[in-house]
Amino acid sequence: MKTTTADFVSMKKNGDKITMVTAYDYSTAKLLDASGINSILVGDSLGMVMLGYPDTLSVTMEDMIHHSKAVSRGVENALVICDMPFMSYQTSVYDAVANAGKLIKEGKAGAVKLEGGAEFKEHIEAIVKASIPVCGHIGMTPQSVNAFGGFKVQGKDEDAAKKLVRDAVALEEAGVFAIVIECVPKKLAEYISKLVSVPIIGIGAGNGCDGQVLVYQDMLGMYSDFTPKFVKKYAKVGEIMVDAFGRYIDEVKSGVFPNESHSYKIDDEVMNNIIEWGEKL
Ligand code: KIV
């Protein structure tokens, strides 16, 4: 059954934890959907884990549309949420609505996610008015990495914690259906989860949230550039891949692969005729 934004809200009410993982391509999205995940996030983290940038700032609308389309083609049931990339909504309310619309119309996403708190209330309200579901994102918002001076835990002192609480309330008032809260102390995230009616999806925010999200390359051990403390590795897929690539290289070099079972046959008579014909060339 297709997961909707309304399901997110009823899952929170029923205490049923919401599961979300990122994907950026058709095959991974199909596997995730088959696993029964509630939601797939086409995160702008694709800038780092798919495109090799040091942060998410270079990601474009074209990148997001391209990957969102691919993911959406692989999904039957999960809710596909697509990130609004850096400078696609910060510039004006008009840009925010126009670009959110593109992610839905061209990217085929079911909802959009954007980073920031009360300062983007007007932008979110306008997108929601255009009938586009919005997921908020507060705490360690990677598009603000330069303003934060690095990927750092947020909301640790009283002022910062109060700002996070105010931001969550502002996003709820603006009409978001969920809020991702990244890299904040567990007790603060738990407090915010109880305070607001919309589901709080945590990443590096402890288990008191209404759901969890992880980047799939992180949880499968496929991205070694940087692993935050909050990541749990559920498999060593990176090691399995390097081992398989290595065995392939060995077998190609030694002639073990491909064998008869991987090869196509031709009738002996046809082949003999080709050889005879070739000799006369
Ligand atoms: O871009 C992304 O993958 C995200 C998650 C880390 C929440 O925003």
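The questions and answers below go through a predicted model, from its overall make-up to single residues.

Me: What are the ground rules for numbering and confidence, and which atoms are left out?
Reply: Residues are numbered from 1 along each chain as its sequence is written, and in this predicted model local features need pLDDT of at least 70, side-chain atom pairs count only at pLDDT 80 or more, and totals for chains, interfaces and linings use all residues. Side-chain values use heavy atoms, leaving out hydrogens and water.

Me: How many helices and strands does the protein have?
Reply: Helices (H or I, at least four residues) and strands (E, at least two) are DSSP runs, numbered from the N terminus. The C-alpha trace spans about 85 × 40 × 35 Å along its principal axes. Within it are 12 helices and eight strands.

Me: What percentage of the 281 residues is buried?
Reply: Buried means under 20% relative accessible area, exposed over 50%, and partly exposed in between (1.4 Å probe, protein chains only). On that scale, the buried share of the 281 residues is 46%.

Me: Of the contacts with a separation of 6 or more, what percentage comes from residues 24 or more positions apart?
Reply: Contact means heavy atoms within 4.5 Å. Take the contacts with a separation of 6 or more; the part from residues 24 or more positions apart is 59%.

Me: Which residues of helix α2 are buried, and why do they line one face?
Reply: Helix α2 covers residues 26-35, and its buried residues are T28, A29, L32 and D33. Seen down the axis of α2, they fall within an arc of 135°, so they line one face of the helix. The arc is that of the directions from the helix axis to the C-beta atoms.

Me: Which elements do the buried residues of α2 pack against?
Reply: The face of α2 turned away from the buried side carries the exposed residues L31 and A34. The buried residues pack against β1 (18-22), β2 (39-42), α4 (61-74) and α10 (216-219).

Me: Which residues does T28 contact, leaving aside neighbours within four places in sequence?
Reply: T28 lies in helix α2. T28 is buried, because its relative accessible area is 16%. Its contacts are A23 and Y216.

Me: Which residue caps the N-terminal end of α2?
Reply: A side-chain oxygen lies 3.1 Å from the backbone nitrogen of S27. Just after α2, G36 takes a positive phi of about 95°. The N-terminal cap is D25.

Me: How far apart are the closest N and O atoms of K163 and D167?
Reply: A salt bridge is a side-chain nitrogen of Lys or Arg within 4 Å of a carboxyl oxygen of Asp or Glu. K163 and D167 are four residues apart in helix α8 (residues 158-174), so about one helical turn separates them. K163 is partly exposed at 41%, whereas D167 is buried at 6%. Their closest N and O atoms are 2.7 Å apart.

Me: What is the N to O value for the salt bridge of R247 and D243?
Reply: The two residues are four apart in helix α11, about one helical turn. R247 is partly exposed at 48%, and D243 is partly exposed at 43%. The N to O value is 3.2 Å.

Me: Which residue does the side chain of E172 join by a polar contact?
Reply: E172 is in helix α8 and counts as partly exposed at 23% relative accessibility. Not counting residues up to four places away in sequence, E172 touches V196, S197 and V198. A polar contact is a pair of N or O atoms within 3.5 Å; within protein, one must be able to donate a hydrogen and the other to accept it, and residues adjacent in sequence count only if both atoms are side-chain atoms. At 2.5 Å, the side-chain partner of E172 is S197.
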